[in-house]
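Colleague: I am new to this structure and would like to go through it with you. Could you bring it up, please?

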Amino acid sequence: MSLFSGQRAFVVQRVTALALLAYVAASALRLAFGPPLSFAHWQTWSTQPFGATALLVLAVALFLHAWVGIRDVVLDYVHPATLRLAVLGAAAAGLVALAVWTLVILTAHAISHLSL
Amino acid sequence: MRFRIYRYNPERHSKPVLQDYDLRIDSTDRMLLDALVRLKEQDDSLSFRRSCREGVCGSDAMNINGRNGLACVTPLKGLSEPVTLAPLPGFPVIRDLVVDMTQFFAHYRSIRPYLVNDEPLPDRERLQSPEERARLDGLYECILCACCSGFCPSYWWNPDKFIGPAGLLQAQRFIADSRDRATAERLQFLDDVYRLYRCRTIMNCTEVCPKGLSPARAIEKIKIAQLRRS
C-alpha cells in the first residue's frame, strides 16, 4: 500500500463506522431495556476495565472517523495548498487535543476509582 | 415548443447568456436532437456536437432540464417547457453546448483502456468462457458520452485528479477481463487518494447513464478487488 493509498482511509472509515454503530446500538439497547442509569452508575462503569476499554475504543474510533471525514471534505473543497495544509493542521491539532483530553479524563477516573 | 439554450461564444460574449427560442415542432420531430437540428437551421451560430443520432457515439451529451442526457435519445414528448439546455456541468465550455473533453479523455487514457497480455499469441484468439465473457456485461457498453462524469460532484470538485465514473467503469471493464494480465498494476494505480477514492458514492452517475449502466457498481467492484488483493 502506497503512502497516498486511498484504500487505507477507506478501510479505517468503514471499520470505525462499524465500531461506532455497535456502540450506539449497545447504548440504545441498554437505555431502552436496562434499569435507569444515574451519573454515579455511569461514572463507576467508565472506571471499570470493560467500561474504560469500551470508551477508549469508542474515542479512538470517533477521532479516526472524524479525521478521515474532515480530510475528505478538505480534499474536495479546499484547493489552495497553503490553506489546505492550515485547515488539515488545525483539524489534526484539534482532534489530538480532544483525544488527549479524553485519555486524561478516562485515566483520572480510573486512578481515582483505584485509590478509593 | 419553447427552448432556453445556454449560449457562449468567447469571441463575442464576456459571459454566458440564456437565449430563448420558439420552434414549431413537425410530426417527424421525435427526439430533442431533431429539434436542435431545426433550431440550427433558424440560427446557424448555435453550436452543438452530434453524429450518429441514435445513442451510440455519445457526441450530443448535454444537460437537459437539469439532467444530463443524450439529445438523440431524449424524446421531445414529455420535456417540460421551456426546455433548458446547457453544456455538461463541470466541463470547460468551448462554445454554446460544446465542451472541452481533453481532460476527460486524458483520464480515460490513464487507465490503459486496452488488454495487457504479454503471453504468446494463441493460434486464433484468446478464448473466454461464457461466464468470463458475461463479466464484461454492463461495462463494455459504455460509449464515453461523459453524462456520468458531468453529473458527478466529486468530478466537479477534482476534475484534474479524480478519474471520474466513466474512466473508472472502463477501468473495471479491463480489470474484469479474463484475458488481461495487468490486474495487479491496474489496482495499484487506482489505489490513490484521488484517482478512485474521491468517489463519495453519490451515485448520480448510475442515475443519469443513458445506456443504463452503473458506474457506481463498477467502482464498488474495484474497491472490493483491492480489498481482496491487500
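Modeller: Please note that this is a predicted model.

Colleague: What do B:Arg7 and B:Asp96 form?

Modeller: They form a salt bridge, with 3.1 Å between the closest N and O atoms. B:Arg7 belongs to strand 1 of chain B and B:Asp96 to the loop between strand 6 and strand 7, so the bridge ties together parts that are 89 residues apart in sequence.

Colleague: How many salt bridges are there over all chains?

Modeller: The search of the whole structure finds 18. One of them joins A:Asp76 to B:Arg198, with the closest N and O atoms 3.1 Å apart. This pair crosses between chains, from helix 3 of chain A to the loop between helix 6 and helix 7 of chain B.

Colleague: Are A:Asp76 and B:Arg198 buried or exposed?

Modeller: Both A:Asp76 and B:Arg198 are buried. They also belong to a network of salt bridges with shared partners, together with A:Arg71, A:Asp72 and B:Arg200.

Colleague: Changing topic, how much space lies in the largest pocket?

Modeller: About 330 Å³. Helix 1, helix 2 and helix 3 of chain A each give two or more residues to its lining, and helix 1 has the largest share, with six residues.

Colleague: Which classes of residue make up that lining?

Modeller: Nine residues are nonpolar, two are polar and one is charged. Among the lining residues are A:Tyr23, A:Arg30, A:His41 and A:Trp45.

Note on methods: Residues numbered from 1 in each chain as written. Chains lettered and ligands numbered in written order. Predicted model: local features only at pLDDT ≥ 70, side-chain atom pairs only at ≥ 80, totals over all residues. Heavy atoms only, no water. 1 Å grid on protein atoms, 1.4 Å probe; cavity = no way out; pocket = protein on both sides within 12 Å on 5 of 7 lines; lining within 4 Å. Points joined across faces, edges and corners; volume = space filled by probe spheres on them. Helix = DSSP H or I, 4+ residues; strand = E, 2+ residues; numbered from the N terminus. Nonpolar A, V, L, I, M, F, W, Y, C, P; charged D, E, K, R; others polar. Salt bridge = Lys/Arg side-chain N within 4 Å of Asp/Glu carboxyl O. Buried < 20%, exposed > 50% of the residue type's maximum accessible area, 1.4 Å probe, protein only.
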